[in-house]
Every structure is written in C-alpha cells, then in structure tokens.
Amino acid sequence: MLIGHKKIWDFLIKSARQERLAHAYLFFGPAEIGKKTLALEFAKRLLCQNKKNDLPCQNCQSCRDIEKNSHPDVFALAPRQEEKKGVLKTYEIGIGEINSLRHQLSLSPYCSLLKIAIIDDSDKMTNEAVNSLLKTLEEPSAKSLIFLITSRKQAILPTIFSRCQAIGFSSVAQEEIIAGLKHLDFGDSISAKAAKLCAGRPGRALKICRNREILENRERNFEIFSRILKTDLVGKMELAGEMSQNIPQARETLSEWLLFMRDGLLANLGCGDLALGKNESCEKLINSQVCAVSRQIQKTKNILGNSSFDSKLALEVMMMKI
Ligand SMILES: [Zn+2]
C-alpha cells in the first residue's frame with residue numbers, strides 16, 4: 001500500500017490517461033520513502049484487469065501476481081546481496097542481468113499491453129551494465145516502461161539522467177503516515193511512535209511497526225553513538241571493524257546517527273520539541289561541531305553506498321574525524 005506521494009501518483013495517472021507516459025522514469029529520494037512501492041502500485045494500476053478508479057483493485061490476477069513478484073510482464077531487478085564469512089556484501093547489477101532484462105523487454109508482452117521493469121538501487125550498476133541499459137533508453141520500445149530507483153541521485157550518470165523523466169520524492173507528513181499505518185490495522189500507539197521516528201519515510205515506519213526490534217536497535221545505536229563521542233581511538237577503530245562486517249546495516253546505523261545529530265542541533269537551537277527523541281550527548285556538542293560531524297557521517301554513508309570503495313577504511317577515517 002502506498003502512503004503519501006499523492007501529487008506524484010496523480011501526475012502519473014494523468015499522464016497515463018493522456019497516453020503521455022515517458023518510456024523511462026527515474027525516481028530519486030531518501031531510502032524507504034516509497035519510491036519502489038509507488039512504482040509497483042503504478043505497475044499494478046496500469047496492468048489491472050479490473051480498473052474502476054485511479055487505484056489498482058489489488059484482487060485481480062494481475063495485481064496479485066505483481067504483489068507476489070511473479071507477473072510475466074513485470075520485472076524487478078536489484079543488486080544481489082550475499083553473506084560470505086559473516087560479511088554481508090552487495091554486488092553491483094552486472095551486464096548479464098541487464099542484457100537479460102533488455103531481451104525480455106524486446107519481446108511482446110505475454111498477457112498485458114505493456115512490459116514494465118523496475119530497477120531498484122539503479123546507482124549500483126557496473127559500467128558495462130549502464131552502457132547496455134543506455135541502448136534501451138536511447139531506443140525505447142513503445143510497449144515497455146522502465147522505472148529506475150535510487151537514493152543516491154548524485155551517483156546516476158548524466159547520460160542516464162537525461163534519458164529519463166526524473167521525479168523527486170520528499171518526506172511524507174506525520175499525520176499522513178499515521179493514517180496509512182492505522183489503515184493497515186496497526187495500533188494508535190505504535191503508529192504514532194513509528195511515524196515520529198521514521199523522519200517522513202513511510203517504508204521505515206512500516207518496518208518499525210512490523211519489527212519492534214528496530215526500536216531496540218535504535219536505543220543501541222544511540223548508546224553506541226554516545227560512547228563514540230567519549231571513547232579513545234582504539235575503541236573507535238574496533239567499532240569501525242565491527243560495522244564493516246555488515247555494510248547495509250552500517251548505512252542504516254549512520255542514518256540513525258544523522259537523526260541523533262539533527263535532534264542535537266534542534267535542541268541547541270531551542271526547538272527540542274521538534275526532535276525525534278532525547279539526545280543529551282549530541283546536545284553537548286556546539287552547533288559547529290554538530291554540522292562538521294554530520295557532514296563526515298553523511299560523506300561516509302555515501303561512500304558505503306559504492307561497493308568499489310574500501311568500506312572499512314572509510315569507517316576508520318570517519319571514526320578518526322568525529
Ligand atoms: Zn487489479
């Protein structure tokens with residue numbers, strides 16, 4: 001279910017009605033904000049066998065197949081993740097996967113009027129894969145529609161960017177997220193808490209509601225962060241080593257730290273009521289330190305998103321600077 005982003009939804013529905021859909025869209029914005037969900041829901045709406053209004057029916061064979069990721073005309077691609085010796089590694093989308101997708105898109109649709117491809121984390125592609133995809137973007141088929149999704153817009157090559165219609169996603173209002181969560185039968189208390197802690201990202205709010213461990217992890221991340229600000233270099237290096245074992249988790253942890261810094265800054269500016277939680281360690285930092293540390297964390301988070309960099313080294317450099 002899509003929570004928020006009504007303007008984008010209405011724009012796409014209007015484009016579809018006027019038969020003016022672009023052949024490729026680039027959805028960009030923070031992780032877990034709803035980009036992939038919107039692409040999937042829109043794919044359902046386009047291929048729905050029971051179109052009654054602007055929303056997919058969710059009950060027809062097509063809607064159910066897309067939900068189960070088994071629709072013969074809808075292809076979802078994402079970087080592969082694999083755990084090796086306790087280290088979770090993300091592999092870039094390779095040329096083989098893109099060539100296979102291009103081949104599928106070149107064939108006539110199996111049971112619909114359109115073939116739809118959704119490429120998640122499309123910034124994580126090898127150069128060969130990007131060049132191959134460019135050929136499809138340069139000579140689009142009238143019967144295919146491609147959604148490229150990224151939370152790292154800056155990592156998308158200009159040649160790709162210029163061949164897609166780019167749509168930016170921004171935070172969803174807390175009330176809208178609460179209403180969406182309640183609609184999904186989550187209780188008042190957890191809905192309100194998740195909506196507050198997710199910083200405008202409905203996907204994050206849903207994860208919090210479905211997995212209460214995330215709240216415990218948040219507490220743990222907060223403790224670790226408070227400890228880092230006081231600990232010596234040896235302790236910091238040990239933590240960098242631990243974090244480098246699971247990079248997706250490390251990126252998530254850094255996102256949490258950025259929110260802690262935001263809270264600290266708000267508290268220092270006398271706007272503590274807007275903070276997501278209480279964070280005394282950050283409040284003790286002066287504003288210029290908060291900004292410098294935040295920049296360093298953000299920079300490291302960006303580096304961790306690129307699998308060709310040495311993640312452990314990036315984390316160690318960050319630890320030395322904060
Ligand atoms: Zn349907």
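**Entry 1: the metal site.** I began with the zinc ion, whose site is tetrahedral, with angles of 101 to 119° among its 4 donor atoms. For that label, four donors need all angles between 85 and 135 degrees. The ideal angle for four tetrahedral donors is 109.5 degrees. Which residues coordinate the zinc ion? I found Cys48, Cys57, Cys60 and Cys63, each through SG, at 2.3 to 2.4 Å. Donors here are N, O and S atoms within 2.8 Å of the metal (3.2 Å for Na, K and Ca), and water is not among the atoms, so sites may look incomplete. In sequence, the donor residues follow the spacing C-x8-C-x2-C-x2-C. Cys48 and Cys60 are 12 residues apart, and both sit in the loop between α2 and α3 (61-67). Helices are DSSP runs of H or I with at least four residues, strands are runs of E with at least two, and both are numbered from the N terminus.

Cys48 is buried at a relative accessible area of 7%, and Cys60 is buried at 9%. Buried means under 20% relative accessible area, exposed over 50%, and partly exposed in between (1.4 Å probe, protein chains only).

**Entry 2: ground rules.** I noted that this is a predicted model, where local features need pLDDT of at least 70 and side-chain atom pairs count only at pLDDT 80 or more, while totals for chains, interfaces and linings use all residues. Residues are numbered from 1 along each chain as its sequence is written, and side-chain values use heavy atoms, with hydrogens and water left out.

**Entry 3: the sheet.** In what order do the 5 strands of the open sheet run? I read β2-β5-β6-β1-β7, with parallel pairing. Two strands pair if DSSP finds at least two bridges between them. From one strand to the next, the twist averages 15°. Axes are lines fitted to C-alpha atoms, for helices over the stretch in contact, and angles run from 0 to 180 degrees between N-to-C directions.

Next I looked at β2 and β5 (residues 115-119), which pair in the parallel sense over 4 bridges. Phe75 has Ala117 in β5 as its bridge partner. Helix α2 (residues 35-47) lies across β1 (24-28), β2, β5 and β6 (144-150), at about 165° to β6.

**Entry 4: helix α8.** Which residues of α8 (residues 188-197) are buried? My list has Ile190, Ser191, Ala194, Ala195 and Leu197. Their cover includes α7 (174-183), α9 (202-210), α10 (213-228) and α12 (247-268). Just after α8, Ala199 takes a positive phi of about 55°.

**Entry 5: Val293.** This residue lies in α14 (residues 287-304) and counts as buried at 9% relative accessibility. Leaving aside neighbours within four places in sequence, Val293 is in contact (heavy atoms within 4.5 Å) with Met261 and Ile322.

**Entry 6: the whole chain.** I counted 15 helices and 7 strands in the protein chain. Its radius of gyration is 21 Å, close to the 20 Å that the globule rule gives for 322 residues, so the chain is as compact as a globular protein of that length. The radius is taken over C-alpha atoms, and the rule is 2.2 Å times the number of residues to the power 0.38. Buried residues make up 48% of the 322.

How values were computed: Tetrahedral: all angles 85-135°; square planar, octahedral: opposite > 155°, others 65-115°.
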